[in-house]
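Opening the notebook on a new structure. I'll jot down what I look up as I go.

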Amino acid sequence: MYAQASNERLTKWLMGAILVIAYAFLYMPIIHILFASLSSRPNFPYPPEFDYGSYIRLYTNTVYQDAFLNSLIIATCTSILSTVLGFLATVGVLRFGGRKALLYAAFFAGPLFVSEILLGISSMSLYYLVFELQGNMVTAIIANSVHCFSFCFLIMAALLYRYDWRMNEAAVVCGASPARAFYEVMLPLTWSGILGSLIVAFVLSLNGLDISFYLLGATPTMPSVAWGALRYGVKPELYALSSIINILVFAAITVLYFVARSDKKRPME
Amino acid sequence: MSEAENRLNRRLFLHIPTVFLVIFFVLPLIALVVLSFWQTENYKIVREWTAMNYVTLATEPAYFIFFIRSLFMAIFVSVFSVVVSWPIAFFIVRHGGRYKLILSLLLAVPFLSGEVLRLIALQGMLGPTGLVNGVLLKLGAAPLRFIMYSNSATFIALVYLYLPMVVTTVYLSLLNFDFRLASAASACGANRFRIFSEIVWPLNLSGTIVGFLLCFIPTLSAALAPRFLGGPNGVLYGMSIAQQFGESGTWALGAAMGVVLFLFSMLVLGVFSLGIDLRRTGFTGMGRQ
């Protein structure tokens, strides 16, 4: 009995050690480039110092500004479009799916299992080569939305499956229009899933290269400019850009954390 | 709710996303197939039906080598990621306590910061002037050659890119797993190995397979990581596709390569999905009804 207990503790510590190593592996590069971006010696920035030169160079570089603006437009539109579609899909599968619910769910998760580069080149084949359309922001937004849609669908489905649909029906019975039932009953109860989906789609499409790359032609986006700069060697400005995005992502995840926590305190059942 | 109204709702909620996916997801894939049977000459498309691209793919050994290299890379990366994710996910679910949410969300930060930025960060670690070799040089040791521009570097990069995804999938599966089943087996006298091999593993197999596939499929078509970190002998299939659509301008050949990649992915997906019960993946929580 004693041997088994100590064995169990050993397994627990072993698993904990793997976890710590994995998180260190995931975070070390991120923290390293944060120091590197703040240092005048980016290759070996230890002991750390605080030099904002690379951030100022980044700020004054107009190429990055245009690219960032384009990325922001794509990410905003993509997150809204894919969240709306994902919401429809979630409600459809969970409420109106019936016996075909699993079939629809598998189809809606499909884009997850087709790699981004295939999505990019196949959309490009359709728009440029078959219809001979010039690449523009709209095509990039649509292709990104296909990819993000699956994530949105899964996130909202995970958070909505416990939702009690009778509440909508109750509201309608009490004389509310379906739209009003949505705004006053459903939205307050499900906003955390919707917000989570918006944030994830926004960040994914802000940073995705593969899809936009094939659909935009010469229009620069932030990842494509970073990729272009990368081919001429890594510069401290890129570290600075990376660090800014990482901090933004971290902030978004913090928001998600508080949303998820407040959600737990007030269970939907 | 009346029957007619129900049908209208079905149409609204299920058919709009379905139509969207058919037009912008299925149709492009069909266009890719069509393009793969055309030709490109001097950066122009020639709309004549021909199977030349597939003949080129079958006869040119370079493409076969790229594909086999990608396949092995994808298998190694996915198996390694699954093996590593199990203890991590298990630890978070069983011993995470009130830090469960923080630990699982922390996985999302590297995942969401995008492939390019993560490769930049990784280059800061692995490159000739990166942290690892910097430390080794400071200590007076020789720099590690195998992490600079090699297939090992690509391996590390791909694990770095897709590990968070696999851990999250296994974590979601374990989170929806009812651990009382394991306690019940233990009470009935099963030892820990048997509990794992007969209860925990089989009941979470679907989620694990989904995690494996979510790593395997993008790794098989990886284009950015090998290009940046793979060095001269590290050309992978996805990277070669990207080159057909980029510098060389041989779109039709690239499309044929894409079709082969897609069909192979679907084959793998089909074989593995025999073992998947969607209700048990923990993704949508539908198993808990």
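This is a predicted model: local features need pLDDT of at least 70, side-chain atom pairs count only at pLDDT 80 or more; totals for chains, interfaces and linings use all residues.

**Chain A, overall.** I started by counting elements: chain A has 11 helices and zero strands. Read from the N terminus, the run is α-α-α-α-α-α-α-α-α-α-α. I then boxed the C-alpha atoms of chain A along the principal axes and got roughly 75 × 65 × 30 Å. Of the 269 residues in chain A, 53% are buried. I also checked how far apart in sequence the contacts of chain A reach. Taking contacts between residues at least 6 apart, 75% join residues at least 24 apart.

**Chain B, the annotated stretch.** I looked up the record next. An unreviewed UniProt entry annotates residues 67-272 of chain B as "domain: ABC transmembrane type-1". In the model, that stretch of chain B is 78% helix and 0% strand. Its end C-alpha atoms sit 20 Å apart.

Is Thr40(B) buried or exposed? Its relative accessibility is 13%, so I put Thr40(B) down as buried, the cut-off being under 20%. What does Thr40(B) touch, leaving aside neighbours within four places in sequence? I listed Ile45(B), plus Gly249(B), Thr250(B), Trp251(B) and Ala252(B).

**Where the chains meet.** Now the interface. Chain B puts 98 residues into the contact and chain A puts in 92. Between them the two chains bury about 8,600 Å², and 80% of that is on carbon and sulfur atoms. On the chain B side, the residues losing the most area to chain A are Phe13(B), Leu112(B) and Arg192(B), together 8% of what that side buries.

I counted polar links too. Eight residue pairs are in polar contact between chain B and chain A, with both residues at pLDDT 80 or more. Which element of chain B gives the largest share of the side touching chain A? That is helix 1 (residues 3-36), with 23 residues. By type, this side of chain B splits into 71 nonpolar, 18 polar and nine charged residues.

**Salt bridges.** Searching the whole structure, I got seven salt bridges over all chains. How many cross the interface of chain B and chain A? One does. The pair runs from Glu8(A), in helix 1 (residues 2-37) of chain A, to Arg192(B), in helix 9 (residues 192-203) of chain B. Their closest N and O atoms are 3.7 Å apart.

Then one inside chain A. Arg95(A) and Glu169(A) form a salt bridge, with the closest N and O atoms 3.1 Å apart. Arg95(A) lies in helix 3 (residues 62-96) and Glu169(A) in helix 7 (residues 166-173), so this pair ties together parts 74 residues apart in sequence. Arg95(A) is partly exposed at 23%, and Glu169(A) is partly exposed at 35%.

Last one for today, also in chain A: Arg166(A) bridges to Asp164(A), closest N and O atoms 2.8 Å apart. Here Arg166(A) is exposed, with a relative accessible area of 59%, while Asp164(A) is partly exposed at 27%.

Definitions and conventions: Residues are numbered from 1 along each chain as its sequence is written. Chains are lettered from A and ligands numbered from 1 in the order in which they are written. Side-chain values use heavy atoms; hydrogens and water are left out. UniProt positions are given in the numbering used here, feature names are shortened, and annotations may be inferred rather than shown by experiment. Helices (H or I, at least four residues) and strands (E, at least two) are DSSP runs, numbered from the N terminus. Contact means heavy atoms within 4.5 Å. Buried area is the accessible area (1.4 Å probe) that two parts lose on being put together, summed over both. A salt bridge is a side-chain nitrogen of Lys or Arg within 4 Å of a carboxyl oxygen of Asp or Glu. A polar contact is a pair of N or O atoms within 3.5 Å; within protein, one must be able to donate a hydrogen and the other to accept it, and residues adjacent in sequence count only if both atoms are side-chain atoms. Ala, Val, Leu, Ile, Met, Phe, Trp, Tyr, Cys and Pro count as nonpolar, Asp, Glu, Lys and Arg as charged, and the others, Gly among them, as polar. Buried means under 20% relative accessible area, exposed over 50%, partly exposed in between (1.4 Å probe, protein chains only).
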